Amino acid sequence: MAYIEIEHLTKDYGKGRGIYDVSLEIEKGEVYGFVGINGAGKTTTIRHMMGFIKPDEGNVSIKGLDATKSSAEVKRYVSYIPGEINFPGNTTGEEFLKEHIYLSGRGSWERAQELIELLQLDATANVHAMSKGMKQKTAIVTALASDADILIMDEPTTGLDPLMRDIFIDLLKEEKEKGKTIFMSSHIFQEVEEICDRVAVIQQGRIIEVVDMKNIRYNKNKEYRMEFKSEEAFKQFISLGYQINRVKPEDLQVFVQIHDEQINELIQSLKSFDLVYFKEIKVHFEDYITEVFKEDV
Amino acid sequence: MLSKPILKQSIQANWKLWLIITIVASTILSGFIISYDAAGFASIAAAAEGTAFSNILSSLTSLLGSLENFYKLIAVILGIVYVVFTANNLVVNEVDSGSLAYTLSTPIKRSSVILTKSLYLILSVTLMYLIISLAGLGASQLQYNNVTGYPITDDVKAAAETLNQEERYLSERLYLIQEDEHAMREAAVARDMDTEAYAIYLEDLIRNRSYKEAAEIITDERWDIYEDDDDMEDSDIEITTEELLEQPEMLLTSNDALAAGARIHGISINDYRELVVGEIDALEVVEFENTEPVEEETPEIEPVETEENQEETDETNENEESEEVEETVVVQDTVASTPQREVSEDNAELLLQTVIDSSATALDINSEQVRDNLTFIKDPTALALSTQTTGLNTDQIIMMANHAMVSSARSVDRALEFDVETYFWLSLGLLLLILAMSSISFFASTLFNRTGLALAVGGGIPFAFFLITMIQQLMDSANGLEYMTITTLFDTDAILSSGEFGWGLVALGAIAFVLYTASNILFTKKDLPL
């Protein structure tokens with residue numbers, strides 16, 4: 001059984017809103033991304049994992065515990081960053097953090113202080129007086145300082161500036177090295193690509209694809225783009241029989257797909273041609289997803 | 001199941017409003033009690049007796065009765081303000097803002113979250129109204145000393161100064177005033193009486209108190225005897241002061257009761273026993289007389305028109321009663337020593353009014369002044385005119401004046417009495433009413449996920465109840481409105497008049513219990529948008 005297992009989860013709010021038959025398996029130590037556009041059902045799925053709402057059908061189990069029935073028990077292992085952040089009580093950020101660490105029964109104030117410094121957070125401010133970014137930072141500190149085995153985060157980078165986002169991504173990498181299991185939703189594909197091991201794509205409440213990021217990051221089939229100086233050379237290259245994805249005859253350009261094992265062969269062949277340039281075309285997750293969405297539509 | 005951190009958090013978030021409302025309500029109640037004008041209300045009520053207003057005013061003739069508006073309106077609206085905002089703050093506000101997500105992302109069960117929050121609301125309301133009640137009790141005690149002892153009235157204060165005694169000490173030993181002529185004079189002036197009337201009043205008061213204390217002791221003794229007797233109703237066991245006044249012989253059977261009575265009089269038990277025996281004999285004589293055939297009770301009266309009298313009474317009595325006067329008016333030139341007519345219950349009030357008006361005319365002051373200080377009646381000039389207009393002799397008029405002074409003083413005393421039991425039921429009823437209101441707000445707060453909706457329903461319903469009550473109080477008539485508000489279940493009239501009010505309070509408690517329980521179940525099962 002997987003560390004976190006979502007089975008046939010269905011919650012129908014009517015009028016096509018809700019999630020339908022969502023099934024995911026998240027392994028221990030994995031960083032799992034959950035992407036989709038706004039309203040796709042990311043938050044609804046996460047609320048089920050936290051036991052805040054009850055499924056119409058299916059179930060979520062975390063560490064073998066039912067997330068709905070044993071909701072309080074599950075929280076021993078889980079830290080959470082909500083999609084919309086507001087802190088209870090009328091206290092300062094520091095007081096809230098201390099209280100939360102105490103209530104969670106794990107984590108340390110020292111770690112929280114490290115994180116506060118790293119994120120340049122003024123935690124002495126009242127939680128109600130905080131800006132969106134400050135709240136987000138406080139939420140991140142809360143989640144990471146409480147040292148839980150599982151981190152469930154609903155769009156944790158919203159409200160962070162690019163610099164802070166990088167720091168946050170580094171922090172997540174640290175957590176991953178410690179063996180933490182991380183589940184995060186996002187609509188920013190770049191950050192997902194940077195850190196996630198696997199990514200589930202949700203659209204209109206249904207999982208349409210689960211992508212293993214290794215296949216994108218370490219894809220041995222690469223695409224190269226080249227431009228020839230003469231039309232003669234251009235035509236001669238085409239006749240060599242490499243797998244050509246696309247040609248642009250007016251610019252004398254060719255897009256070649258080739259496996260890493262054959263790269264030397266290609267370079268040898270190209271020696272005899274007069275080239276303007278030669279470069280690898282990188283495939284990004286974003287391009288990939290865009291393709292997936294296009295196909296689906 | 002109770003979560004201490006949640007309780008702490010609830011207190012931190014809500015103590016300010018709690019404190020403000022508690023202070024405001026305590027201050028208002030204390031203010032009502034301290035500023036209660038016993039003499040004023042007593043005289044208004046006496047003036048309105050027999051008119052349509054007497055029913056409305058009757059509740060004002062006692063200190064607790066005058067607090068009805070506090071219990072029905074002021075304390076209720078303050079309570080509503082507290083419970084609506086707090087209930088909202090405790091649950092729906094945290095759901096709507098999403099801050100509950102943090103509480104629920106720790107290993108605290110939802111059920112203990114909601115239980116703790118319900119208990120916070122229930123306990124804070126209970127504590128609030130306990131403090132308010134104690135403040136009222138304290139104010140009354142400080143102002144009138146009427147909670148733990150006998151009220152300290154103006155005469156006691158004056159006498160205490162003269163005798164150089166503690167007011168409270170003296171209020172329990174009124175016989176000390178009787179023993180000192182100077183103190184008697186000062187005390188009488190303080191109560192707008194002359195010494196003669198005051199002596200009667202004081203004697204009457206001491207006698208009543210001794211019977212009251214004796215009756216309490218006899219009741220206690222009877223409780224011990226009949227406690228397990230199923231045939232005896234509670235009311236059969238209890239001996240009231242009135243019952244004892246009718247049958248003083250009961251006193252002779254209990255040494256403790258005799259001792260209590262004797263202590264009030266400041267005499268020995270044996271002397272007191274003799275006093276009681278004397279009263280028993282007197283009662284028997286009266287009974288004997290009453291059994292005699294009554295034939296010549298009313299002496300012959302020769303009604304003669306008196307112009308002056310007619311004019312004067314017309315000024316004050318423009319109703320049908322003046323016709324009665326017409327019939328019973330007496331010859332003008334009566335000899336002072338022989339009464340031409342007798343004072344009976346039917347004409348006493350009217351005669352008194354005539355006497356007051358005559359005195360006012362004789363002394364050239366207005367009737368109100370005379371009513372405020374009835375000693376004016378005893379002024380020789382006033383007496384002369386009064387005897388002329390009423391046909392009563394001076395002794396009768398003086399007796400009447402004394403009687404009027406004593407009874408008005410007694411009604412002021414009664415107005416200042418503080419019945420702890422009634423106060424307890426008023427306070428408990430108010431608490432239950434507010435708890436029922438709070439359960440409505442709390443239920444709305446757990447039912448809805450949006451603050452606005454929860455506030456509209458959870459605040460709107462209690463506020464509607466309050467408005468209906470207010471309209472009802474203003475119109476002072478029942479036109480079905482009383483069935484539309486739960487405040488009817490808290491029947492202050494019934495509590496003040498020792499009527500039947502228990503089931504209403506039980507119903508209020510039941511409403512609170514059901515709605516709080518429902519809230520707890522609902523919250524543990526519902527979907528939370530966090």
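**Close-up views of a predicted two-chain model**

Figure 1. The structure is a predicted model, in which local features need pLDDT of at least 70 and side-chain atom pairs count only at pLDDT 80 or more, while totals for chains, interfaces and linings use all residues. Residues are numbered from 1 along each chain as its sequence is written, and chains are lettered from A and ligands numbered from 1 in the order in which they are written. Helices (H or I, at least four residues) and strands (E, at least two) are DSSP runs, numbered from the N terminus. The buried positions of α11(B) are Ala197(B), Tyr198(B), Tyr201(B), Leu202(B), Ser210(B), Tyr211(B), Ala214(B), Ala215(B) and Ile218(B). A residue is buried if 20 or more other C-beta atoms lie within 10 Å of its own, exposed if 12 or fewer, and partly exposed in between, with C-beta atoms placed from the backbone. Helix α11 of chain B comprises 32 residues (195–226), which should span 46 Å at 1.5 Å a residue; its end C-alpha atoms are 45 Å apart, in agreement. The expected span is 1.5 Å times one less than the number of residues.

Figure 2. Of the 14 residues of α5(A), 10 are buried, so the helix is largely enclosed by the rest of the structure. The buried residues are Gln136(A), Lys137(A), Thr138(A), Ala139(A), Ile140(A), Val141(A), Thr142(A), Ala143(A), Leu144(A) and Ala145(A). Their cover includes β6 (78–81), α3, α4 (109–118), β7 (150–154) and α6 (162–177) of chain A.

**Figure 3. Nonpolar cores.** A nonpolar core is a set of buried Ala, Val, Leu, Ile, Met, Phe, Trp, Tyr and Cys residues joined through C-beta atoms within 7 Å. The largest such core holds 172 residues, of which Val141(A) and Ile152(A) touch the most other members. Apart from it lies another core, of 13 residues, including Ala214(B), Ala215(B), Ile218(B) and Tyr272(B).

**Figure 4. Positive phi values in chain A.** Most residues other than glycine have a negative phi. Asp21(A), in strand β2 (residues 17–26) of chain A, has a positive phi of about 50 degrees. Asp21(A) is partly exposed, with 13 other C-beta atoms within 10 Å. Glu155(A), located in the loop between β7 and α6 of chain A, has a positive phi near 50 degrees. Glu155(A) is buried, with 21 other C-beta atoms within 10 Å. Asp147(A), which follows α5(A), has a positive phi near 50 degrees.

**Figure 5. The interface of chains A and B.** Contact (C-beta atoms, placed from the backbone, within 7 Å) links 23 residues of chain A with 21 residues of chain B. On the side of chain A that touches chain B, α2 (71–74) and α3 (93–104) each supply at least two residues. The most comes from α3(A), with four residues. The residues of this side divide into 10 nonpolar, six polar and seven charged, where Ala, Val, Leu, Ile, Met, Phe, Trp, Tyr, Cys and Pro count as nonpolar, Asp, Glu, Lys and Arg as charged, and the others, Gly among them, as polar.

Definitions and conventions. Two residues are in contact if their C-beta atoms, placed from the backbone, lie within 7 Å.
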